[in-house]
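Welcome! Please take a moment to look over the sequence and the model below, and then we can walk through a few parts together.

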Amino acid sequence: MSDLLSLFPPGSGLAADGTLLVAGCRADDLAAEFGTPVLVVAEDALRARAREYRRELSARWPDSRVVFASKAFPCTAVQRVMVEQGLGLDVAGGGEILTALKAGADPGLIVLHGNAKSDEEIALAVEHGIGLVVVDNADDVDRLEATGRTQDVLVRIIPGVTADTHSHVLTGHEGSKFGLAPSDAARLIQRIEHSPRLRMRGLHVHVGSQILDVEPFAESVAPVARLGEFEVYDLGGGLGARYTWADEPPTVATYLDALIGAARQHLPAAAQVIIEPGRSMVCTAATTIYRVTTVKRGAITFVAVDGGMGDNLEVALFEQRFEAGIVGRFDGPGLETVTVVGRHCESGDVLVDGVPLAEPRVGDLLAVPATGAYCYTMANNYNGNRRIPVVFAHDGHVRLVVRRETWDDLTARDVD
Ligand SMILES: Cc1ncc(COP(=O)(O)O)c(C=O)c1O
């Protein structure tokens, strides 16, 4: 069971008494200082992954950029780490533009996405000099032209590739709501090329998320290349992360061998290549620590914790499997298979369905690894949940980067 450790952020360990250590910080100390649930990010692991992506991409395609898909963990502190590591930021919408700028991102290295960009978001993008706006539809072009400003754009293509992942996180299949079928894209590209204000820089493609094989990435390149030669090709994100024992995600190197292999075959050698990893950049760098509030034994043993779908919607959204362990007793004895549930009023509020825990008791701390991707993103106030804090752990030291919401925060927007 101490194999469970391999799912925690690189550099995690066990103290002499068996307590989980994340970046040298004891899980029980973190819980005592910040309360539970708390989302703990191993800062070095985050930085190392960003560097790995940059190194591996530039080794294969020198004129290239890694752009972090902010949506995977859109907190200013995480965006700042990515900026400090020399990455650009992919943002979806006005809010992420503003947090990216606050994080110190060079506006020229920001890529704006969205299948339903508003006038306000387009205005924010052009006013702040966002480097690339990814056109998803003809209305984007109308809105961009209406600003009267010049803007570099990419056009998002549906490659017609159906990756083997949950349907809720597929984006490159025929019939996707994102992007344009190649024939529609070709017409819009012509229009943009005749626009006095828009500069048609290149194409964008993204096939989906939590993809654990490399073929769909490689397959997405040829349909894009068929639309002609451009200066920039943004080949999206989507590489899967390791959540559970069974997951064997390709390494960054293997993923890029396939993707850039296809790029070499199909794209102009002088073009710039951008990639936009999100999930695989941040997932395993973080863990959530909960407190067990109830253990209910019956046909099923339910171990209920003080969080759940208010801080982790990944299970409800696309049935993502997580693992878990009792802090201090990863190795047992007395392992029993239980269902870990949250505190929210939904039967779907399950964190882990069927996981071996060692004699779970009220008051224990429970650690769930691989919560770095999309958990902070989709945190919510369901059942009056106060969204949980984020702390960065580094070399035995910890700092709070996002505080827990207060009870007052829950009514702060009320006007009557
Ligand atoms: C356009 C775009 N790029 C990049 C990503 C990041 O994907 P992932 O987090 O799976 O790497 C997404 C997320 O779905 C996306 O929509």
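## The two sides of helix H1

On one side of helix H1, Ala 32 and Glu 33 are exposed, where exposed means over 50% relative accessible area, buried under 20% and partly exposed in between, with a 1.4 Å probe and protein chains only. The buried residues of H1, which spans residues 27-34, are Ala 27, Leu 30, Ala 31 and Phe 34. They cover an arc of only 100° around the axis, so they sit on the same side of H1; the arc is that of the directions from the helix axis to the C-beta atoms. After H1 comes Gly 35, with a positive phi near 75°.

A word on the model: it is predicted, so local features need pLDDT of at least 70 and side-chain atom pairs count only at pLDDT 80 or more, while totals for chains, interfaces and linings use all residues. Residues are numbered from 1 along each chain as its sequence is written, and side-chain values use heavy atoms, leaving out hydrogens and water. Helices (H or I, at least four residues) and strands (E, at least two) are DSSP runs, numbered from the N terminus.

## The barrel

Eight strands close into a barrel in the order S5-S6-S7-S8-S9-S10-S11-S12, with parallel pairing; two strands pair if DSSP finds at least two bridges between them. Neighbouring strands of this sheet are turned by 30° against each other on average, direction ignored. Axes here are lines fitted to C-alpha atoms, for helices over the stretch in contact, and angles run from 0 to 180 degrees between N-to-C directions.

Strand S8 (residues 132-135) pairs in the parallel sense with strand S9 (residues 151-156) over three bridges. Val 133 stands opposite Val 153 in S9. Helix H4 (residues 94-102) packs on the sheet, touching strands S6 (88-92) and S7 (110-113); contact means heavy atoms within 4.5 Å.

## Helices H3 and H4

Helix H3 (residues 76-84) packs against H4 at an angle of about 60°, their axes 8 Å apart. That makes H3 oblique to H4, given that angles under 35 degrees count as roughly parallel, over 145 as roughly antiparallel, 65 to 115 as roughly perpendicular and the rest as oblique. Thr 76, Gln 79 and Arg 80 of H3 meet Glu 96, Thr 99, Ala 100 and Lys 102 of H4 in this contact.

## Arg 149

Arg 149 lies in the loop between helix H6 (138-146) and S9. Its relative accessibility is 38%, so Arg 149 counts as partly exposed. Leaving aside neighbours within four places in sequence, Arg 149 is in contact with Val 126, Glu 127, Leu 144 and Arg 197.
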